[in-house]
Each structure stands twice: as C-alpha cells, then as structure tokens.
Amino acid sequence: MILTGAFIVGVASGALINFVIWTFRAHDRPQDVPESKDKAWFANDVPECTKCGTALKRRQTSGVIALVSGMHRCAKCGRPLFVPKLLIEVICGAVWLASVYILGATLSALTVAAYGTLLLGIAIADFRSWLIPHEFTWIGIILSLGLSLSRGITGLINAALGTLVGPAIFFVVAWLVAKLKRISVSEALGGGDYWLIAMIGGFVGWKMVPVAIVLSAVTGLVIFLPWVIRATLRHTESPKIPFGVFLALGGAATLLVGERLVSWYGHWALRQ
Ligand SMILES: [Zn+2]
C-alpha cells in the first residue's frame with residue numbers, strides 16, 4: 001500500500017518536472033540560448049510540439065495526464081508526444097518506490113527520492129536546452145535545508161555549509177579558467193551550475209562536496225573521452241555536452257557511493 005503510494009507520488013513528481021522541462025526549447029549549443037533565458041527566474045514559455053512547433057496545452061507536458069485526457073498527440077501534425085514524458089514519470093515513480101522500499105516510509109526516503117527527481121529534471125533540462133532551471137535548484141536548496149532538520153541542528157549546519165562550499169569552489173575554478181582563457185568569469189561557468197552545486201551540497205553535506213565535484217569530472221571524462229578521441233581521429237569538432245548533466249550524475253553518485261568511496265580511500269591511504 002505504502003509502496004503503491006510512493007510510486008504514485010513519484011509519477012506525480014515526474015509530471016511536475018515535465019511541466020518545467022518541456023516549456024524550454026531544445027537547443028544545440030550554448031550560443032543558441034538567448035541571454036534573456038539566463039535572467040528569467042521561472043519558465044514562462046509555452047510548450048511546443050517538437051515536430052511542427054504548434055503551441056501545446058500545459059497538460060500535454062505530462063505523459064500520464066495527456067494520455068488520460070486523450071491529448072497525447074499534437075493537434076496539428078499528429079505526432080505522439082507522450083513517450084519521453086511518460087518515461088520520465090515512470091522513472092520518477094521507480095525512484096520513489098525504490099527509496100521507500102529500501103529506506104522505509106522515512107524522511108531519508110523522501111530526501112533521496114526528491115533529490116533523485118530534481119537531479120533527473122536538471123540533467124534532462126541541461127542536456128536538452130542548455131539550461132538549469134531555477135525551479136529545480138532553488139526548490140532543491142530549500143528542500144535540502146528543510147529536510148536536513150530531521151538530523152537536528154548539526155544536520156542543518158552541515159547542509160547550509162554544503163550549499164556554500166560548492167559555489168565557493170566553483171568560483172575559484174571559474175576565476176582561474178577565466179584568467180587562463182582570458183574570458184570573463186561568467187563565461188567560464190554558467191550561473192545555473194553554481195545553484196546546482198549549492199543544491200547538491202545541501203543534500204550531501206559539505207564534506208561530500210569535493211567528492212561530488214571529482215565524481216562529476218570523472219563521469220564527464222569517461223563519457224566524453226570516446227567522443228573526443230573519435231572527433232580527433234576524424235578531424236571533426238568534438239560534441240559539446242553541458243556540464244550540468246555530469247554534475248547531476250556526480251551528485252547522484254555521491255549520495256549512493258560517496259561515503260563508501262571516502263572510507264575505502266581512507267583505508268587504502270592509511271595502509272600505504
Ligand atoms: Zn505538431
């Protein structure tokens with residue numbers, strides 16, 4: 001019964017992230033993203049059909065709601081619109097189900113499930129539109145701080161420090177990159193990335209922030225390297241993938257294996 005409930009809440013949370021993701025246009029490159037997007041606080045665009053560009057109803061941004069209301073095809077071109085959206089909702093349902101199954105009906109389960117949902121939304125939005133919507137990161141930061149209270153005042157301090165450490169590290173890195181490449185600090189790293197690492201820090205705690213950053217970089221390298229090698233061999237341009245996608249992956253990995261990784265490294269380093 002509780003598990004069914006968790007799945008339904010998960011699907012609903014998936015519908016909420018769909019509501020945000022699909023209001024942004026898909027972009028190929030950062031240059032395509034108009035600057036006004038970075039400054040807009042919340043999504044206020046009208047969702048569009050990916051094929052013909054016809055404006056869609058809000059309810060068509062959710063797979064389940066579109067299916068139930070019989071609006072799962074574009075009214076103009078007839079393209080079925082629900083498949084990726086439904087997939088996202090089912091994945092979110094599975095994440096919530098797994099969290100409650102493993103951790104029970106606890107605040108920890110809620111924390112893990114909400115964190116996973118937000119990271120999924122961020123990864124898809126950044127991959128598809130080169131944007132990290134404030135809807136996700138700001139709500140995530142507030143949630144992480146609120147839920148950290150379940151671990152008392154030390155939990156809150158840990159989370160609050162977590163939201164600060166990441167952006168501070170990022171600023172130093174962006175400043176160094178900007179110096180080296182002779183570009184401005186804001187060009188070196190997008191504003192959304194600061195909010196994202198702040199959110200991740202809020203959820204995993206300040207000690208785990210460096211782990212999250214290292215895991216993101218490693219994930220990025222592993223996924224990216226074959227493409228770079230291929231592009232170099234073929235003398236073509238290597239594909240650009242937004243950093244937020246790797247940050248989200250690294251942030252998720254940190255929650256799942258971060259503690260174990262650190263203790264394993266600690267044992268290993270002591271034995272040397
Ligand atoms: Zn259409």
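A kink of about 40 degrees lies at Phe224 in helix H10, shortly before the proline Pro226. The bend at a residue is taken here as the angle between axes fitted to the seven residues ending there and the seven starting there. Helices are DSSP runs of H or I with at least four residues, numbered from the N terminus. The structure is a predicted model, in which local features need pLDDT of at least 70 and side-chain atom pairs count only at pLDDT 80 or more, while totals for chains, interfaces and linings use all residues. Residues are numbered from 1 along each chain as its sequence is written.

Helix H10 covers residues 209–234. The expected span of a helix is 1.5 Å times one less than its number of residues. The buried residues of H10 are Val209, Val211, Ala212, Ile213, Leu215 and Ser216. A residue is called buried if 20 or more other C-beta atoms, placed from the backbone, lie within 10 Å of its own, exposed if 12 or fewer do, and partly exposed in between. After H10 comes His235, with a positive phi near 55 degrees.

The domain assignment, which is automatic or taken from a database, gives domain 1 (1–131) and domain 2 (148–272). Their C-alpha centres lie 24 Å apart. Between them, 14 residues of domain 1 are in contact with 14 residues of domain 2, contact meaning that the C-beta atoms, placed from the backbone, lie within 7 Å. On the side of domain 1 that touches domain 2, the largest share, ten residues, comes from H5. The residues of that side divide into nine nonpolar, two polar and three charged. In this division Ala, Val, Leu, Ile, Met, Phe, Trp, Tyr, Cys and Pro count as nonpolar, Asp, Glu, Lys and Arg as charged, and the others, Gly among them, as polar.

The largest nonpolar core has 60 residues, of which Trp96, Leu119, Ile122, Leu196, Ile200 and Ala212 touch the most other members. Such a core is a set of buried Ala, Val, Leu, Ile, Met, Phe, Trp, Tyr and Cys residues joined through C-beta atoms within 7 Å. H5 gives the most to this core, with eleven residues. Because domain 1 and domain 2 both contribute residues, the core lies between them. Apart from its neighbours within four places in sequence, Ile122 is in contact with Ile132, Phe136, Leu196, Gly244 and Ala248.

Phe136 also belongs to the buried residues of helix H6, which include Glu135, Gly140 and Leu147. The elements covering the buried residues of H6 include H1 (2–21), H5 (107–129), H7 (152–181) and H9 (191–204). H6 itself has 15 residues (134–148), which should span 21 Å, and its end C-alpha atoms are 21 Å apart, in agreement.

The loops remain to be described. Most residues other than glycine have a negative phi. Trp130, in the loop between H5 and H6, has a positive phi of about 60 degrees although it is not a glycine. Trp130 is buried because 26 other C-beta atoms lie within 10 Å. Arg182 lies in the loop between H7 and helix H8 (185–188), and its phi is also positive, near 55 degrees. Arg182 counts as exposed, since it has 6 C-beta neighbours inside 10 Å. In the loop between H3 (63–68) and H4 (83–103) stands Ser69, which is exposed with 12 other C-beta atoms within 10 Å.

How values were computed:
Helix = DSSP H or I, 4+ residues; strand = E, 2+ residues; numbered from the N terminus. Contact = placed C-beta atoms within 7 Å.
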